[in-house]
Amino acid sequence: MYQVVKIPAFSDNYIWAIHNNEGKCAIVDPGDGDVVMSFLQIQQFELTEILITHHHSDHIGGVKLLQSHFPNCKIYGPDTSRFNSFAQGVKQGDVINLEASDTCIEVIEVPGHTIDHIAYFDSANVFVGDTLFSAGCGRLFEGSAEQMLVSLKKISRLAPSTNIYCAHEYTASNIQFAKTVDPSNQDLIAYESIVKDLRKNDFATIPTTVEVQNKINPFLRCDSLPVKHAVEKQFSTKDLDEKNCFANLRRWKDSF
Ligand SMILES: [Zn+2]
């Protein structure tokens with residue numbers, strides 16, 4: 001048995017800690033080493049693994065500090081030159097035996113936000129970094145819209161009950177955009193009221209689930225008529241296929 005715990009960092013980041021009952025702990029995307037160190041010290045956990053989804057500093061900024069305190073900790077990251085000097089590269093389909101959870105975790109390649117972005121999946125949970133956010137998705141800094149759409153589909157096709165752990169609390173603002181695109185979506189309207197209640201009390205809206213995101217996230221609904229029609233209206237165009245609908249939707253969000 002293992003648990004997943006959030007460590008809030010910076011203004012809206014979540015760093016995820018995976019730990020078993022024996023005090024072994026893995027950290028996903030330690031952007032801030034100090035907050036992770038104080039978490040580990042208070043809990044008296046031993047850091048056994050670091051899982052990196054992509055190279056942005058708010059995801060890897062704390063790696064060096066953690067490594068200096070836990071020199072035996074294994075570090076995993078995308079299998080590219082950005083990471084090869086300090087992490088063991090992993091790619092699509094690779095399986096990591098995670099000491100912190102006593103389970104196997106599988107690697108999913110999800111390019112788009114960055115070209116070598118990966119996610120980690122273990123049948124109950126998926127850690128997606130900045131690929132999918134609740135009611136939204138990551139910006140396209142390096143990959144194409146087409147790559148991102150394929151990446152998002154890999155996540156949306158996981159079992160509906162899968163918990164999605166993303167790295168930012170962007171849900172409330174993403175809902176404002178989602179409602180503009182998909183205003184008559186009753187699931188989205190119901191979700192907004194849940195999110196309002198959570199945020200009023202400063203509670204996290206993450207994790208979310210694949211089931212919820214498939215119903216409310218416009219970026220996973222580019223094959224639905226309401227989203228397609230809204231994007232066509234916004235860009236005064238017609239007959240958009242799913243790929244072009246997604247590309248335009250992402251562009252719309254960039255300037256929203
Ligand atoms: Zn990022």
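Q: Two strands count as paired if DSSP finds at least two bridges between them. In this predicted model, which residue in the turn between S2 and S3 has a positive phi?
A: S2 and strand S3 (residues 24-28) run antiparallel and are joined by four bridges. Ala 17 stands opposite Ile 27 in S3. The two strands form a hairpin with three residues between them, and the turn residue with a positive phi, of about 80°, is Gly 23.

Q: How many bridges join S1 to S2?
A: S1 and S2 also form a hairpin with three residues between them, and Phe 10 in that turn has a positive phi of about 50°. Ala 9 stands opposite Asn 13 in S2. The two strands run antiparallel, and the number of bridges that join them is eight.

Q: Is S2 largely enclosed by the rest of the structure or largely open, and how many of its residues are buried?
A: A residue is buried when its relative accessible area is under 20%. In a regular strand the side chains alternate between the two faces of the sheet. Asn 13, Ile 15, Ala 17 and His 19 point one way from S2, while Tyr 14, Trp 16, Ile 18 and Asn 20 point the other way, and all are buried. S2 is therefore largely enclosed by the rest of the structure, and its count of buried residues is eight of eight.

Q: Is Val 4 buried or partly exposed, and what is its relative accessible area?
A: Val 4 has its place in strand S1. Buried would require a value under 20%, and exposed a value over 50%. Val 4 falls in between, so it is partly exposed, with a relative accessible area of 22%.

Q: Which strand gives the largest share of the lining of the second largest pocket?
A: This pocket has a volume of about 160 Å³. Its lining includes Lys 6, Pro 8, Tyr 14 and Arg 199, and by class it divides into five nonpolar, two polar and five charged residues. Strand S1 (2-9) and strand S2 (13-20) each supply at least two lining residues. The largest share, three residues, comes from S1.

Q: Which helices give two or more residues to the lining of the largest pocket?
A: The largest pocket has a volume of about 280 Å³. Of the 18 residues that line it, the closest to its centre are Phe 133, Arg 139, Tyr 170, Arg 250 and Lys 253. By class, the lining has six nonpolar, six polar and six charged residues. The elements that give two or more residues to this lining are helix H5 (171-181) and helix H9 (242-254).

Q: Is the site of the zinc ion tetrahedral or irregular?
A: The protein donors of the zinc ion are His 54 (NE2), His 56 (ND1), His 113 (NE2) and Asp 130 (OD), at 2.2 to 2.3 Å from it. Four donors count as tetrahedral if all angles lie between 85 and 135 degrees. Here the angles among the four donor atoms span 90 to 171°.

Notes
Residues are numbered from 1 along each chain as its sequence is written. This is a predicted model: local features need pLDDT of at least 70, side-chain atom pairs count only at pLDDT 80 or more; totals for chains, interfaces and linings use all residues. Side-chain values use heavy atoms; hydrogens and water are left out. On a 1 Å grid over the protein atoms alone, a cavity is a set of points where a 1.4 Å probe fits but cannot get out, and a pocket is an open set with protein on both sides within 12 Å along at least five of seven lines; lining residues have an atom within 4 Å of a point. Grid points are joined across faces, edges and corners, and a volume is the space filled by probe spheres set on the points. Ala, Val, Leu, Ile, Met, Phe, Trp, Tyr, Cys and Pro count as nonpolar, Asp, Glu, Lys and Arg as charged, and the others, Gly among them, as polar. Donors are N, O and S atoms within 2.8 Å of the metal (3.2 Å for Na, K and Ca); water is not among the atoms, so sites may look incomplete. Four donors count as tetrahedral if all angles lie between 85 and 135 degrees; four count as square planar and six as octahedral if opposite donors are over 155 degrees apart and all others between 65 and 115; anything else is irregular. Buried means under 20% relative accessible area, exposed over 50%, partly exposed in between (1.4 Å probe, protein chains only).
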